[in-house]
Amino acid sequence: MAIDNQYLQIKLTEKFGDLVFNFEDSYGMLSFEAPKEQNLKVLQYLYDEPTLGFQFLTDLCAVNYPDDKGRELAVVYHLHNLQTNTRIRFKVFTSIENTDVFTASKLFSAADWMERETFDFYGVNFVGHHNLKRILNVDEMDYFPLRKEFPLEDQTRIDKDDEMFGRG
Amino acid sequence: MKIKPELIKTTKCLEEDKINAIMTEHHHHITLPDGSIEKQTTTLNVGPTHPATHGVFQNIMELDGERVVSTEQTVGYIHRAFEKLAERRPLYQVTPITDRLNYCSSPINNMGWHLTCEKLLGVETPKRVDYLRVIIMELARISDHLICNSIVGVDTGAYTGFLYVMQYRELIYEIYEEVCGSRLTTNIGRIGGFERNFTNTAFTKLEKFLKEYPKVLKEFEGLFARNRIFMERTIGGGAISAERALNYGFTGPNLRAAGVDYDVRVHSPYSSYEDFQFDIPVGKTGDNYDRFLVRNQEMWQSLSIIEQAYQKIQAFKGAEAEIYHADVPEYYLPKKEDVYTKMEALIWHFKIIMGEVDMPKGEVYKAVEGGNGELGFYLISDGGRTPFRLHFRRPCFIYYQAYPELIKGGMLSDAIVTMSSLNLIAGELDA
């Protein structure tokens with residue numbers, strides 16, 4: 001039986017107080033946020049606390065919000081408790097100037113490559129990662145291609161007028 | 001320092017002196033003092049295009065005799081930036097991208113993507129659509145496992161099984177073709193259902209498959225499951241404990257072979273999987289042999305699911321038996337004859353094709369049980385016409401990082417078998 005989202009929220013607030021916030025029920029999955037310095041503490045608590053037991057890292061990725069000053073990059077963890085079949089989404093935000101986030105690879109071996117992938121595409125610097133280098137792109141690449149500042153198509157093209165369809 | 005003949009990937013971009021610097025560095029590596037510890041192992045470059053790797057994988061292995069001491073994987077040779085591409089495509093144009101993830105079971109990826117969109121849009125699909133999808137997805141699972149298991153056979157020296165079962169993968173592809181017009185990269189179905197109803201030929205072919213395939217699978221199983229040579233080659237190779245497998249984020253048959261009965265179809269049923277009776281086969285040791293057996297057993301389960309789904313479909317009568325899509329005018333293309341004769345249909349057709357329909361704001365994560373495990377789609381919409389961010393949780397990418405741990409201390413030839421029994425698909429690995 002899945003753990004109630006209400007219960008998760010109470011447990012997390014009890015433990016971390018104001019440090020966890022922005023609780024949201026997103027299509028049935030509880031989503032919340034914490035300061036990036038706290039990410040390992042939150043992950044460890046979710047892992048160790050017997051009534052929570054989020055010991056399976058389903059997914060780790062980053063999102064770029066270019067307009068959100070000081071919170072341009074979000075690192076999103078999807079965790080899963082396989083016994084009760086509960087999923088939870090946990091986010092930390094970081095500025096694009098200082099992208100240091102503590103690595104979760106000591107807790108989850110699965111995070112190793114997922115963090116490398118996130119570094120490769122978004123330039124999130126996972127502090128403490130044992131081998132943080134590019135994984136899917138070439139090593140010589142000197143930018144982080146999935147950031148929104150890099151448009152997908154050549155913006156100097158004139159043969160294709162997107163404004164005709166209201167998308168400038 | 002290890003002697004690693006690393007490939008210089010973008011020679012063109014490097015200046016000549018930079019190349020020279022690299023060359024001297026390599027030269028320096030080679031002239032290590034005699035008796036240094038590095039000299040005691042051999043470096044072997046397996047891949048990127050090696051016939052034994054069944055895909056573009058590079059491994060730089062350190063060998064002590066024929067035993068693997070360590071390996072370093074290089075991935076990304078067929079990286080195509082799908083996540084970036086998806087940020088400029090309306091929902092229906094993302095489907096062909098998902099084809100190219102795990103191309104051995106494209107329909108599961110397609111359906112997973114449709115289900116993700118339907119979750120975001122709040123679309124309820126009719127039961128008949130769910131059952132039709134289940135049939136297609138289970139056929140895809142069979143073809144996926146069939147390839148994986150027969151390739152394990154090839155790598156242990158038995159080519160016969162591989163050639164034999166190809167005929168039946170062909171039959172599965174013919175069913176896809178009858179339903180959607182294509183075979184490998186299927187782009188099957190639409191948001192809300194299928195593009196057209198299944199034809200009678202499709203059902204006839206399905207019946208033929210259901211009738212003939214069990215015999216073939218039985219025979220295939222007989223070639224391997226209790227074959228002494230096969231057992232000795234695969235038992236104990238590439239084993240992983242359940243605990244390590246979970247920590248490494250294993251899902252699907254590879255996790256179940258280690259003894260954890262996690263299956264997305266049962267834990268979070270989608271597409272009406274809750275209406276079916278089936279078992280989750282689990283292994284014990286997580287080695288190559290258990291992975292083979294789990295996949296083999298899953299094919300039997302898939303067959304039984306298809307049979308049940310087909311019976312349920314035949315039970316629909318009258319107008320219900322003609323339903324093949326949900327009512328989603330914003331995303332499901334109207335009938336062609338309506339487009340030519342009715343204004344409303346023409347407008348929708350144009351809006352859908354041009355991707356001018358704004359989707360609701362929200363974040364969804366939807367997972368399906370792919371051929372290799374939990375295939376997840378994390379879709380963030382900011383209310384625009386294209387996804388703001390789309391992330392694929394690719395099971396292959398996640399479990400391949402355990403490969404060095406799986407093969408450490410084993411023979412080189414077992415490392416090759418381990419690679420195929422993990423069912424690594426380059427397309428899914430690199431996205």
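How many residues of chain B are in contact with chain A? The count is 37 residues of chain B against 29 residues of chain A, where contact means C-beta atoms, placed from the backbone, within 7 Å.

This is a predicted model, in which local features need pLDDT of at least 70, side-chain atom pairs count only at pLDDT 80 or more, and totals for chains, interfaces and linings use all residues. Residues are numbered from 1 along each chain as its sequence is written, while chains are lettered from A and ligands numbered from 1 in the order in which they are written.

**Stop 1: chain A.** Select chain A to find 3 helices and 7 strands; helices are DSSP runs of H or I with at least four residues, strands are runs of E with at least two, and both are numbered from the N terminus. Their order along the sequence is α-β-β-α-β-β-β-β-α-β. The C-alpha trace of chain A spans about 60 × 40 × 30 Å along its principal axes.

**Stop 2: the side of chain B that touches chain A.** Select α2 (82-86), α9 (242-247) and β4 (362-369) of chain B, which are among the elements that each supply at least two residues to this side.

**Stop 3: two helices of chain B.** Select α3 (residues 91-99) and α4 (residues 106-121) of chain B, which pack at about 150° with axes 8 Å apart. Axes are lines fitted to C-alpha atoms over the stretch in contact, and angles run from 0 to 180 degrees between N-to-C directions. Therefore α3(B) is roughly antiparallel to α4(B) (an angle over 145 degrees). Residues to show include L91(B) and V94(B) in α3(B), and W113(B) and C117(B) in α4(B).

Methods. Angles under 35 degrees count as roughly parallel, over 145 as roughly antiparallel, 65 to 115 as roughly perpendicular and the rest as oblique. Two residues are in contact if their C-beta atoms, placed from the backbone, lie within 7 Å.
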